[in-house]
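Some notes on this model follow, for reading beside the coordinates.

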Amino acid sequence: AQVPIMEWLQGLFSWGQSFFEVLFIIITFLGEELFLYVLIPAIYWCYNKELGELLALTGFASLTVNGALKDIFKVDRPFIHHSDKLNYVEVDNFFVNTTELSSSYSFPSGHSQEIGAVSFTLAAYFKKKKFWIIAAIVTLLVMYSRVFLGVHWPLDVLVGGLLGLGIGVLGHYLFTKFPNKRIIIYFAMVLISFLALIFANKPDTYKAIGAMLGFAVGALVEHKYVNFEIKGVSKGKRVLRIVVGLVLLLGLKIGLKPLFLLIADHVIFDLLRYFILVFIAIAIYPWIFKKLKF
């Protein structure tokens with residue numbers, strides 16, 4: 001039933017196919033894991049530590065929920081059975097990859113859910129109408145990009161976007177309602193994340209659990225022993241924090257995987273790798289730039 005709807009949605013911009021393919025590849029990047037791992041540290045280190053923690057909470061929770069739901073429903077991608085009727089844009093670069101999705105399930109859309117969680121978390125935090133409007137527009141654009149590229153059904157992106165909205169609003173509510181119990185909330189989410197293994201015992205789930213665990217432990221250590229400041233730090237030093245920090249995390253992300261593969265190709269090392277990455281971003285790197293006064 002979704003095939004004719006998707007054909008119609010894909011045909012809306014068929015008159016400028018080449019241009020819109022590039023445009024929606026750029027837009028779909030906003031829902032990529034890489035974008036999340038750049039945006040959250042940048043906000044956390046240089047703009048608002050509290051907001052950075054909130055975004056990490058909702059972003060990592062969304063990743064875990066999405067992985068579990070995909071393995072519960074086990075819906076195939078549109079291009080698996082309908083490549084003769086539907087357009088499928090294959091992209092394979094450092095920022096976006098649609099060529100390795102045949103082994104993963106479609107429902108709900110992870111990109112739609114992730115950008116929804118992040119956008120609506122920001123909207124709920126700032127409590128201004130314009131942020132809610134921007135959040136809705138950005139989420140809808142990412143949702144449409146997934147359909148246009150042929151990697152998700154319309155129902156996938158609709159449910160993904162709504163789930164992102166729910167996670168963003170719920171995360172903000174818990175974060176602000178219980179300000180003195182945030183660390184408890186973080187570790188409660190770690191326990192809930194482990195339950196996802198019941199439904200999705202696969203590498204992506206271990207990565208999400210590792211990220212959530214690294215965030216919870218990192219936040220605990222940062223609160224007790226580091227407590228870095230943003231207020232009073234010059235713009236130049238903030239830029240330096242971002243540049244050095246992102247280079248550090250990128251180097252670790254690229255280097256840790258082959259290092260662990262030398263030991264064994266096991267999902268527990270996916271968990272450990274993401275734990276290390278996030279823990280360093282949340283606690284160790286802030287301790288370094290606090291000590292070095294930048």
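Which residues make the nonpolar surface patch of about 610 Å²?

1. In this predicted model, the patch consists of Ile72, Phe73, Ile192, Leu195, Ile198 and Phe199. Helix H4 (49-73) and helix H9 (182-195) are the elements that give two or more residues to this patch.

2. Phe73 belongs to helix H4. Its relative accessibility is 46%, so Phe73 counts as partly exposed, the range for that class lying between 20% and 50%.

3. Helix H4 itself is largely enclosed by the rest of the structure, because 19 of its 25 residues are buried. From first C-alpha to last, H4 reaches 36 Å, close to the 36 Å expected at 1.5 Å a residue.

4. Both ends of H4 deserve a look. The N-terminal end is capped by Asn48, which places a side-chain oxygen 3.0 Å from the backbone nitrogen of Glu50. Just after the helix, Lys74 adopts a positive phi of about 50°.

5. Trp45 sits in helix H3 (residues 33-46) and Tyr285 in helix H12 (residues 267-291), so the pair links parts of the chain 240 residues apart.

6. Are the two partners buried or exposed? Trp45 is buried, at 1% relative accessible area, and Tyr285 is buried at 2% relative accessibility.

7. Ring pairs also connect Phe13, Trp15, Phe19, Phe20, Phe24, Tyr144 and Phe148 into a cluster.

Technical notes. Residues numbered from 1 in each chain as written. Predicted model: local features only at pLDDT ≥ 70, side-chain atom pairs only at ≥ 80, totals over all residues. Heavy atoms only, no water. Patch = residues over 30% accessible without salt bridge, like charges linked within 9 Å, V, L, I, M, F, W, Y side chains within 5 Å. Areas by Shrake-Rupley, 256 points an atom, 1.4 Å probe, with all protein chains shown as cover. Salt bridge = Lys/Arg side-chain N within 4 Å of Asp/Glu carboxyl O. Helix = DSSP H or I, 4+ residues; strand = E, 2+ residues; numbered from the N terminus. Buried < 20%, exposed > 50% of the residue type's maximum accessible area, 1.4 Å probe, protein only. Expected span 1.5 Å × (residues − 1). Polar contact = N/O pair within 3.5 Å; in protein donor to acceptor, adjacent residues only side chain to side chain. Phe/Tyr/Trp six-rings, centres within 6.5 Å; stacked < 30°, edge-to-face > 60°.
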